[in-house]
Amino acid sequence: MAFLSYHQDMTAPQFVPFTDRYLPTQPPEAAAQAFCQVMQKRRSVRMFADRPVSRATIEWLVRAAHSAPSGANKQPWRFVCVQDPAIKARIREGAEAEEREFYTRRAPAQWLADLAPLGTDEHKEFLTIAPWLIIVFQMVHLDDGGQVYYLKESVGIACGLLLAAAHHAGLATLTHTPSPMGFLNEILGRPRHERPFLLIPVGHPAEHCEVPALALQRRPLDDVMKVL
Ligand code: IYR
C-alpha cells in the first residue's frame, strides 16, 4: 500500500509507571516556602571571583537545565560551556563591540534611562573573569532538520532551571544578552540553526561583590498574583 492512513503513521503512545518520585521531607507548604527563601537570595552578579569551578559542577548544572520540559520533548537547546581563556577573551571583545554600539548609538533614550540605576555600560570584565561562560543556543530545527515547537518557552524554562541549579549550588550567574549575538556562532563554531539565546557567566561572586539596589525591589505579591 502506497499511503499510510493518519493513524497508522503515528507512533502508538507507550506509558510507564511514574515511580522514583521526588518526595520532600516537609509537606508542600513548608517545602515551597523553603525553596522560595533560597531563590529570593539569588542576585544577578556582574562582579565575579576568578576562583575555579569544576567541570563536573557545570555538567550537573547543564543536566538540570536539560531536564526541562519542551514542546513535544524535542529538547531544542544546546549549552556551549566555555572555560578556555582565549575563547572567553574573544567573546568579551565581540560583546563589548556590540555593547559599545548599543550604549552610544542603538539604545533609545528611555532604555538608557531604565538601565541607569543598574550602572551598566559597555565594559564586560566579567566575561573574562568568571571561570565559565555557558552560552545557551535555541535550535530553530534539530540537527537532522526535525521540527521543534514552543522554542522560546522551552529554552526559557531550561535557562530558568540552569539559574536555579547554579544558585542552589552556591554559584552566581548573570543573564547577559549582548545584542545582536550572532558573533557567538562564529567564535564558537556553531551552525546557523543554533541561535544564541542567553549568555550565562557562572562562578563565585567577587569578595566585595556589589549588586544594584534596584535589583532588590520586587512588586508586591498582590500586584503580580491574582487569585480567582
Ligand atoms: N545588554 C546590555 C544592556 C542591558 C539591557 C538590559 I534590558 C538589562 O537588564 C541590562 C543590560 C548590557 O548588558 O549592558
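**Two helices in contact**

Author: Let's start where two helices touch: L61, A64, A65 and H66 of α3 meet A158, C159, L161, L162, A165 and A166 of α7. By kind, that contact has 9 nonpolar residues, 1 polar and no charged. Keep in mind that this is a predicted model.

Reader: How do I describe the way helices pack? At what angle do α3 and α7 pack?

Author: In general, a packed pair is described by the angle between the two axes and the distance between them. Here, α3 (residues 55-66) and α7 (residues 151-168) pack at an angle of about 140°, and their axes are 7 Å apart. The crossing of α3 past α7 is right-handed.

Reader: Okay, now the sheet. In what order do the 4 strands come, and is the pairing parallel or antiparallel?

Author: The general idea is that strands of a sheet pair through backbone hydrogen bonds, in either a parallel or an antiparallel way. In this model the 4 strands make an open sheet, in the order β1-β2-β4-β3, with antiparallel pairing. At the edges sit β1 and β3, each pairing on one side only.

Reader: And where do those helices go relative to the sheet?

Author: Helix α3 packs on the sheet and touches β1, β2 and β4, with its direction at about 165° to that of β1. As for α7, it lies across β1, β2, β3 and β4 and runs at about 160° to β2.

Reader: Let me zoom in on β2. How many bridges join β2 to β1 and to β4?

Author: There are 6 bridges between β1 (residues 77-82) and β2, and 8 between β2 and β4 (residues 194-203). You can find facing residues too: F79 stands opposite V136 in β2. On the β4 side, I135 is opposite L199, and M139 is opposite E194.

Reader: Is strand β2 buried or exposed, and why is it described that way?

Author: A residue is called buried when 20 or more other C-beta atoms lie within 10 Å of its own. All of β2 (residues 132-139) passes, 8 of 8, so the strand is largely enclosed by the rest of the structure.

Reader: What about its two faces?

Author: Side chains in a regular strand alternate between the two faces of the sheet. In β2, W132, I134, V136 and Q138 are on one side, with L133, I135, F137 and M139 on the other, and all are buried.

Reader: Which peptide bond is cis?

Author: The one from S179 to P180, where omega is near 0°. P180 is in the loop between β3 (172-173) and α8 (183-188).

Reader: Last one: which residues are around the ligand?

Author: They are E99, F102, L115, L118, T120, H176, T177 and P178. Sorted by kind, this shell has 4 nonpolar residues, 3 polar and 1 charged.

How values were computed. Residues numbered from 1 in each chain as written. Predicted model: local features only at pLDDT ≥ 70, side-chain atom pairs only at ≥ 80, totals over all residues. Near = placed C-beta within 6 Å. Nonpolar A, V, L, I, M, F, W, Y, C, P; charged D, E, K, R; others polar. Axes fitted to C-alpha atoms, helices over the stretch in contact; angles between N-to-C directions. Left-handed = near helix turned anticlockwise from the far one by under 90°. Contact = placed C-beta atoms within 7 Å. Buried ≥ 20, exposed ≤ 12 C-beta atoms within 10 Å, placed from the backbone. Pairing = 2+ DSSP bridges.
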